[in-house]
Amino acid sequence: MYKTLFVSSVLWTLLVSDTLAIEGVKGRHVHHDRPNSVLNSTVQAGLCYKRIRYADALALNATGQFPHNTLPSTPQEGTKGGWITILDCCDGYERSSTSGDCNPSCIDGCLGGECTGPNVCTCSPGWIAQKGVCVPSCEQPCQKDAYCFSPNVCTCKLGYEEENGNCKPICPGGCKNGECVAPRVCRCREGYVIQPSPEGFTGIEGKECVPVCENGCRNGECTAPGVCTCHEGYINPSGDTESCVPSCPSGCSNGECIAPNVCKCKPGFTLDSTNRCVPECPQGCINGECIAPSVCRCKPGFTLDSTNRCVPDCPQGCTNGECVSPGVCKCIQGFTLDLTNKCVPECPQGCTNGECVSPGVCKCIPGFTLDSTNKCVPECVQGCINGECVAPGICNCSPGYVLDSNRNCVPDCPQDCANGVCVTPGVCKCNLGYSHDSNGRCVNTQSESKVSDCQFDCGPNARCVGRNRCSCNLGYRLDPDTRRCIPLSNSFECRNGCGINGFCAGPDMCICNYGMPVDPVTGRCPDLQPTQSQCQPDCGPNGSCVGPNRCVCNFGYIVDPDTGRCIPQRGTTGEAMCELPCLNGDCTGINQCTCRRGYTLSPSDVTRTRCVPVCMGGCHNGVCTAPNMCICNPGYRKEAGVKGRQRCVPV
């Protein structure tokens with residue numbers, strides 16, 4: 001009992017002192033513990049004293065792993081959380097779960113050997129411990145890729161096999177086009193790469209180094225480094241063995257071969273029936289060949305026009321026509337082909353004595369002139385009044401007329417006109433002091449009856465040539481009622497009158513004295529009396545001024561073309577001389593009047609000295625009083641809005 005109390009006292013003293021030490025630390029009081037050597041001193045092999053917390057000791061005791069210790073039962077020890085000293089396996093030892101002994105512990109283990117001390121693995125002779133495993137020991141180093149298989153015995157590593165004393169890696173199935181540099185690892189020769197493993201590869205099949213072609217060898221197979229063997233329908237481009245392009249054996253000029261025997265043409269080209277790219281001319285190339293995009297080369301006999309089309313070519317030209325085929329013209333309307341295949345003007349009525357210069361228009365040869373029907377008729381420069389010009393300069397006189405020495409047609413008076421002048425066929429104009437006898441000849445007035453022999457007087461425009469027989473002056477006729485001489489036109493009516501300087505030549509048609517125009521509004525002749533002052537210079541004593549710068553010379557006198565005055569006629573030299581004035585015309589020969597433009601000789605004037613106006617298209621329901629100027633009859637008016645025409649319509 002005393003012994004037990006002693007031990008308990010000692011343990012209690014130690015626990016108290018330790019508690020004080022811990023509390024001293026907590027209270028920051030310096031306290032020096034006893035050396036660990038005292039506490040860890042070996043009691044038995046593998047057993048050492050250890051100081052642990054009391055609570056931990058209780059936990060260990062509960063597990064049954066506390067064989068060498070008896071815990072005090074003082075309740076106070078569990079409440080103070082103090083420390084106790086126990087016997088337990090030393091560091092480097094661990095308790096056996098079966099025997100409860102403390103055995104050495106090797107942290108890395110000691111496979112193939114015996115752990116004879118803490119972290120001390122003792123192997124059999126010829127073996128050494130390496131990381132907890134007893135491995136064989138070879139005094140001499142093993143060759144590359146080999147290991148020590150048993151004491152002083154080397155063998156090749158897994159995946160290697162011995163060959164001539166060396167360990168060589170194993171590549172099952174070989175390493176085509178390469179070198180096996182590690183187990184199942186091939187290193188390909190330059191220009192080759194490992195072929196990717198196919199799906200389902202087990203790793204046992206041999207690996208193969210396949211050639212490399214930079215562009216992937218599309219449309220072909222890479223059969224050697226940088227060398228493509230092309231599929232059917234493809235070829236290597238010139239100088240390039242790593243590409244395969246479509247092949248068009250027939251060529252693909254002006255296009256791109258995009259598939260075997262398939263061309264894609266460049267812009268401006270199209271495929272023909274033979275699968276070739278040919279130029280395209282969208283507008284067509286009729287009569288030619290398309291040799292470039294939108295460019296035609298014409299066939300012989302054709303040429304390009306401004307629209308790049310091949311049209312027929314007429315080398316001689318095709319003026320006034322259309323070239324419809326090589327060298328053949330089709331003339332436009334009004335033209336026809338001549339013997340040289342040229343289009344020349346056509347004159348349907350012919351162009352005798354002339355040349356057709358435009359459709360329906362003749363240009364006459366010298367000596368001929370165009371008439372109103374556009375035909376070339378002979379021209380008589382001297383005129384052919386009272387006759388017909390039958391050849392250049394040759395007149396064929398009308399009945400009652402004969403050619404004089406100047407080749408003019410002059411009236412023929414078979415009764416002879418001694419003492420007078422033959423002014424119309426069979427009519428003499430007697431000289432002063434002479435008058436007509438019953439045969440129309442001019443006889444001395446003294447031998448004829450006196451004026452008083454005419455009961456009714458003949459009037460101022462005639463002479464009494466016999467008993468109650470009047471001879472009217474030229475331009476007058478005998479009135480059967482009064483037996484007096486009245487103007488030939490006295491049977492017409494001019495509504496506004498004609499004035500003192502003209503006479504009524506037809507219904508509302510006045511013919512004015514020489515040199516005076518008809519008033520276009522009233523249709524009358526001007527009332528102005530011509531005076532000598534209107535002619536500059538004057539007409540002289542042998543003529544009279546009948547209008548502005550218009551002289552009428554007395555019988556036997558003619559107008560001097562240089563001075564405009566009346567001078568004596570010197571024989572029959574062909575000079576112009578008219579006894580009566582040419583109204584609206586010019587004297588162009590002996591008693592020969594030529595009408596001005598827009599006038600024509602009056603068909604009812606036997607003296608052929610009066611020119612009357614012409615209205616183109618006629619003047620129905622009116623009277624032509626000036627060129628193309630109608631005066632409408634009563635009950636009619638001029639049609640409004642008709643420009644260039646004179647038409648009288650009912651009011």
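**Terms and their grounds**

Modeller: Let us begin with a turn. In this predicted model, β12 and β13 form a hairpin with two residues between the strands, and Asn164 has a positive phi near 55 degrees.

Biologist: How do you know that β12 and β13 pair?

Modeller: Two strands pair if at least two bridges are found between them. Strand β12 (residues 160-163) and β13 are joined by four bridges, therefore they count as paired, and they run antiparallel. Glu163 stands opposite Asn166 in β13.

Biologist: What makes the side chains of strand β13 alternate, and which of them are buried?

Modeller: In a regular strand, side chains alternate between the two faces of the sheet. In β13 (residues 166-169), Cys167 and Pro169 point to one face and are buried.

Biologist: What makes β61 and β62 a pair, and in which sense do they run?

Modeller: The requirement is again at least two bridges. Strand β61 (residues 622-626) and strand β62 (residues 629-632) have four bridges, so they are a pair, in the antiparallel sense. Val623 stands opposite Ile631 in β62. These strands also form a hairpin with two residues between them, and Asn628 in the turn has a positive phi of about 55 degrees.

Biologist: Why is Glu190 called exposed?

Modeller: The term exposed requires over 50% relative accessible area. Glu190 has 79%, so it is exposed. Glu190 lies in the loop between β16 (185-188) and β17 (192-194). Its C-alpha atom is separated by 8.7 Å from that of Gly178, twelve residues apart along the chain.

Biologist: Why is Tyr147 called partly exposed?

Modeller: Buried means under 20% and exposed means over 50%. The relative accessible area of Tyr147 is 38%, which lies in between, so Tyr147 is partly exposed. Tyr147 belongs to strand β10 (residues 146-150).

Biologist: How many helices and strands does the chain have, and what part of it is buried?

Modeller: The chain has four helices and 64 strands. Of its 651 residues, 31% are buried. Its accessible surface is about 39800 Å², and 52% of this belongs to carbon and sulfur atoms.

Terms used:
Residues numbered from 1 in each chain as written. Predicted model: local features only at pLDDT ≥ 70, side-chain atom pairs only at ≥ 80, totals over all residues. Heavy atoms only, no water. Buried < 20%, exposed > 50% of the residue type's maximum accessible area, 1.4 Å probe, protein only. Areas by Shrake-Rupley, 256 points an atom, 1.4 Å probe, with all protein chains shown as cover.
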